[in-house]
Amino acid sequence: MFDTIEKFNTNTLNIECNQRDGHLDYLVIDTPLAHAEVHLQGAHLTSYIPKAASEVLWLSPLAKFEKQIAIRGGIPICWPWFGKHPEYPQLAQHGFARNSRFKLSNLEQADDLSVTVTMTLSSSDITFEGFPYSFLLTVIFVIGESLSVELLTENCSNSPMPISQAIHSYFSVDDIVKTKLLGLSNHSYWDQLALKEGKQIDSELKFDQETDRIYQTSNAHLDVICDRHRIHIEQENENASVVWNPWENKSKLMSDFPDSGYKHMLCVEAAHAGERIFVAPGEQLSLKQCITVR
Ligand code: TA6
């Protein structure tokens, strides 16, 4: 489908297909409600600007737009495992979906002018090497006054399929030290740096050092607040919310991340993390994050 669109214009929808740095195909979507950019590699959204607001997502100015390299920033899709593979740590961190080319399977505009973009990834000889299951992964973006991102995992094989996953959203903030994250008080977390459990007491989570925590949550409502905007996040069906900022030292270790980039981003991720979830044959598992700027 992507190959046949190139350009599509109506009074309420403008779509262009471009190539980033001559390598990666992406769609630029403009409606009266929002601007968005989404790449076929990884079903990776790199821009979302609701009307009368500024960019919601952080995209690294050093991000690489090359085949089979994950784009730093925007909304990477971590699938079919989150973090290191539990049995084969030599496999790519956060799974293969973010480095795989998806198919654009549907694109439509609703009466309320929101646009639904659906992308799919199916199992192949390549995915069987590290993940011996037949699957269909569908990523559904609804781009309007709000942005919703849904991952639908379908197990097309005959045995239970173990997965973990994350919608790894990088949010743009003015200044991380003045940024607050609300909605996690009284939630337990696993601290990936100290390798121990903790419990969030304060209603506001603030940032003054490297942070990498997996909070136990279910249908969380969270708010990222900085001078420029308040980003309201509603999640559905997750069992974890991951909060990550690499801070100064780790930023310097990443070649696609500016040394001071950590000051302007905060990852808040809807996830199934920790123990893998088994999706029964023929069943579907949904994970959703919905983002509204207030
Ligand atoms: O979601 C947090 C995290 O798993 C961190 O541990 C951190 O390393 C980050 O994701 C980025 O991972 P990446 O593989 O994209 O460099």
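Predicted model: local features only at pLDDT ≥ 70, side-chain atom pairs only at ≥ 80, totals over all residues.
Residues count from 1 along each chain as its sequence is written, and side-chain values use heavy atoms, with hydrogens and water left out. Local features need pLDDT of at least 70 and side-chain atom pairs count only at pLDDT 80 or more, while totals for chains, interfaces and linings use all residues.

View 1. Let's start with S14, which spans residues 188-191. Strands here are DSSP runs of E with at least two residues, numbered from the N terminus. Which residues of S14 sit on the covered face? Those are Tyr189 and Asp191, whereas Ser188 and Trp190 make up the uncovered face.

**View 2. The partners of S14.** Two strands pair if DSSP finds at least two bridges between them. With S15 (residues 196-199), S14 pairs in the antiparallel sense over four bridges, and Trp190 stands opposite Glu197 there. Four residues lie between the strands in this hairpin, and Leu195 takes a positive phi near 55 degrees. S14 also pairs with S17 (residues 211-216), again in the antiparallel sense, over three bridges. In that pairing, Tyr189 stands opposite Tyr215.

**View 3. The nine-stranded open sheet.** Follow the strands in the order S7-S8-S9-S10-S22-S19-S18-S13-S16, with antiparallel pairing. S7 (103-109) and S16 (204-206) stand at the edges with a single partner strand each, so one side of each has no neighbour in the sheet. From one strand to the next, the twist averages 15 degrees (axes are lines fitted to C-alpha atoms, and angles run from 0 to 180 degrees between N-to-C directions). Inside that order, S10 (residues 147-155) and S22 (residues 284-293) pair in the antiparallel sense over eight bridges. Look for Ser148 here: Cys290 in S22 stands opposite Ser148.

**View 4. Around the ligand.** Which residues are around the ligand? They are Arg72, Phe82, Gln93, His94, Arg98, His168, Asp212, Val242, Trp244 and Glu269, each with a heavy atom within 4 Å of the ligand. On its own the ligand has 390 Å² of accessible area, and the protein covers 83% of that (Shrake-Rupley method, 1.4 Å probe).

Notes: Buried < 20%, exposed > 50% of the residue type's maximum accessible area, 1.4 Å probe, protein only.
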